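This briefing is meant to be read beside the sequence and the model, topic by topic.

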Amino acid sequence: MNFLYKKMFRSIKQFKFQFITVLLLAVLSVTVYSGLEGIWNGIKYEYNKTVKSTNLADEWIMATYFTEDDISAIKNLDGVTDMSACIRISAISKNKDGRDSVLSLDTVGNEAISSVTVMKGVGYNRSFTNSIWLDTDYAAENSISVGDVIPISYAGNTAQATVAGIVISTERAHFVGTADYYLPDHEKFGYGYISDDLTGALGVQIPCNILKLKSHDSAVKENVNTILGERFIAYYDRDTLFDTYFVTNQADNLKKVSILFSSLFILLAVLSMYTTIKRLIDAQSFDITTLKSLGFPNRSLILHYSMYGLFVSVIGTAIGFLCSYPFSMLVQKNQKELISLPKWPIKHTYGSLIIILLIIVLSLLTSVFAAWKAMAGLPAESLQKKMTRGKHLLFERAGLLWKKLGFGMRWTLRDAGAHKVRILLGIISVCGSFMLLMVGFGTSDSISSFTDKSYDEEFIYSYKYTLNSANTPEDIASLGQQTNGQFIETVQSRVNLEGSDETYFKTVTVFTEGNYINLKTVDGERLCDSGAYITEGMAETLGVEKGDTVTLQPSFSGDTFTFKISGIIPSSMPQTLYISEGCWTSAGAAFCPTHLLAGDDLNPEVLRGDTRISQMITGLEQKNNLSNFKVKFSGIFNLMKFIAIILVVIVLYNLSILSFLERTRQYNTFRVLGFHYNEIRVLASFENLIILIFGSVAGLFLGFKFLELYCATFSNDTIKIYSDLTGKNLSLICCIVFFCTVITTFLLSLRIKKIDMVKALKE
């Protein structure tokens, strides 16, 4: 057996490029899966650990205020075990550039519920005065340290607060600060917790406006509207509070992506191993016959050739697992822009071990299968097999059509029919490269497409003003005349579907007539007063179709209103129900504007400091926020492109070498018969042409499906990303794959120059 081991290493050296190809595919399979698993499982591990240590609330209720009776009624509902009553305000501070920034500030009720993780400074202490605990991202972005004194303004009152600690809150792990942004902007938006005395200094007069509940299968969701009536604002649980839901959703998305990509690489690795071992056995048929004649049993030879798959797969998976750590750190950098966690461990599950064992076992079984097929029979029969491989194709029965094909194409098709696995491997590699390239280019195009569509076509306002809740109808009317703007009201509403007992809490957007909302349904119809319209993402979540009936019980109202769904809107964000003011008020609901959309008719500086406005965001800022999403993930997209190019080059070149080695006898014969080198090159390139054509057709079809599936992983209750790929990038992808094919064909032609006529005569 020592002799066979030595022979194995000599054979690997002889067929080094083929085995390097298999090794690289094994490396990619484990690197991508384990690298992404280390991230998504690390996120879940750290988040769940922090959820437990901070005793994260299970439900949140927001109201204009809570009375003692409200609190008592909610506390007595089935399933509620504990409660924290707090005050939440939206205050103004100054960022590092001296401009206004928005801080969402909470008082601390029950310290045992939704506590914070202290990163620097000291934890919350009720004996502290004029103190604030700021979130770590806002503090870092604005160069704020423990002990600094910062100004806080609310409702015309200003107080100076000392930073007692830098913290992270589990219930705000993905804190954006405004529904108008998708990505966090830590320079402009932050959160914190204040000492009780600061509420008096800031003139806060409400006793409590948010309840954080610990519960299990509670009846809160079904009864909260009835208890609070017109004072109800919003209800969330862990699955609907976006700041918490985003974390688990993002981890699940990364898990799906890891499975998608690693499955492709594993398939290619197994097929490459099969073709490599098969070619190795064919090339060593005389050696095998000699060994069998000398008394080596078939089981020893099968074991010998199975060791090739075992050796290469073990080395490849080991290298892949080591490479997964730097890959994890690369992806981790992007995730830190989206999620705030105390620590970022890289944690693996048994999934990585299963993937590693799967690759090793499949490679081993593939090698055994390839060897077993070649070992059957007596030594003399092994020699006969080598000479009888030709097969007629079903296509040859086409008669006239077959005869119209040139000699080279007919010879290539017959040879391809005899080596189906090799051709299949080539088609899958080209198809896989198309899929990866289309994801790499297409995801970026998809984000750009919905960004441009959202803020250049659907919403064309220049400024979005958040109105002060204390405004009178006269204030609102005068502001509308001054800006010539369009009012909207965004309100959370309890939603019930006809024929279903399920209760949902979703956002409803009521809009007045104006020029700044240009939404259309999937049928191309503009929104009108005929009923409610729902965005496609929300419709899929709720299972709603055009013509269905929904019943709404909006915040600040104890009444219910029924609307017919008049159309589905293919809009990316926000995911909401749209109802015109006319339709809304005709149903008996009150219209109370919360925002004003305006153009450039009025210089926004005129309204700066206006008490009627609490916040201003420009359309350009919203567009740039979404564009940053593409920028922050550009590294991953570029990595996909690089892997795709490497994939198609190494696999196609490996197949070209295999094809050349298997056809050496034929090429030598052609050369002796008088074929020129250029003619032989054309014959050799036909196979790559067939692979390119079929792989491209399959790749284009599956690539769009793969891109659609990949974009769906980024979609959630807030946003729906539609897959898109520009014609320019699609052409570029085709050129890249074609150019890679040309490169492999050129490299093959260099080998054809080395054809030896003398060798052909000897054989």
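K623 and D452 form a salt bridge in which the closest N and O atoms are 3.6 Å apart, a salt bridge being a side-chain nitrogen of Lys or Arg within 4 Å of a carboxyl oxygen of Asp or Glu. This pair links distant parts of the chain, with K623 in helix α18 (residues 619–632) and D452 in helix α14, 171 residues apart. The model is a predicted one, in which local features need pLDDT of at least 70 and side-chain atom pairs count only at pLDDT 80 or more, while totals for chains, interfaces and linings use all residues. Residues are numbered from 1 along each chain as its sequence is written, and side-chain values use heavy atoms, with hydrogens and water left out.

**Salt bridges**

- D452 counts as partly exposed at 35% relative accessibility, where buried means under 20% relative accessible area, exposed over 50%, and partly exposed in between (1.4 Å probe, protein chains only).
- A salt bridge also joins E458 to K453, with the closest N and O atoms 3.8 Å apart; E458 counts as buried at 6% relative accessibility, whereas K453 is partly exposed, with a relative accessible area of 30%.
- Salt bridges that share partners bring R88, D106, E171, R172 and K212 into one network.
- The side chains of D58 and K214 meet in a salt bridge at 3.5 Å, N to O. Because D58 lies in the loop between α2 and β1 (59–63) and K214 in strand β10 (residues 210–215), the pair ties together parts that are 156 residues apart in sequence.
- D58 is buried, with a relative accessible area of 17%, and K214 also counts as buried, at 13% relative accessibility.
- Over the whole structure, a search finds 22 salt bridges.

**Overall make-up**

- The chain contains 23 helices and 20 strands, which are DSSP runs numbered from the N terminus (helices are H or I with at least four residues, strands E with at least two).
- Of the 763 residues in the chain, 54% are buried, and the chain exposes about 33,400 Å², of which carbon and sulfur atoms supply 58%; accessible areas come from the Shrake-Rupley method with a 1.4 Å probe, and for residues only the protein chains shown count as cover.
- Among contacts in the chain with a separation of 6 or more, 82% are between residues 24 or more positions apart, a contact meaning heavy atoms within 4.5 Å.

**Nonpolar cores and a surface patch**

- The largest nonpolar core has 104 residues, of which I43, Y182, F261, I339 and Y710 touch the most other members; such a core is a set of buried Ala, Val, Leu, Ile, Met, Phe, Trp, Tyr and Cys residues joined through side-chain atoms within 4.5 Å.
- Helix α14 (residues 420–458) gives the most to this core, with 16 residues.
- Leaving aside residues up to four places away in sequence, I339 touches I43, A173, F246, V247, Q250 and W344.
- A second, separate core of 34 residues includes L479, L497, V550 and L552.
- On the surface, Y350, L353, I354, L357, V361 and L365 form a nonpolar patch with about 630 Å² of accessible area together; patches are made of residues with over 30% relative accessible area and no salt bridge, like charges being joined within 9 Å and nonpolar side chains (Val, Leu, Ile, Met, Phe, Trp, Tyr) within 5 Å.
- Y350 lies in helix α10 (residues 350–375) and is exposed, with a relative accessible area of 68%.

- Helix α2 (residues 16–54) has 39 residues and reaches 55 Å from its first C-alpha to its last, close to the 57 Å expected at 1.5 Å a residue, the expected span being 1.5 Å times one less than the number of residues.
- Helix α2 is mostly covered, with 28 of its 39 residues buried, and just after α2, N55 takes a positive phi of about 55 degrees.
- V648, in helix α19 (residues 634–662), is buried, with a relative accessible area of 1%.
- V648 touches V430, S433, V737 and C740, not counting residues up to four places away in sequence.

**Backbone details**

- M573 and P574 are joined by a cis peptide bond with omega about -5 degrees, and P574 is found in the loop between β17 (561–569) and β18 (577–580).
- S114, in the loop between β4 (100–106) and β5 (116–121), has a positive phi of about 50 degrees although it is not a glycine, and S114 is buried, with a relative accessible area of 7%.
- S143, in the loop between α4 (136–141) and β7 (149–154), has a positive phi near 55 degrees and counts as exposed at 58% relative accessibility.
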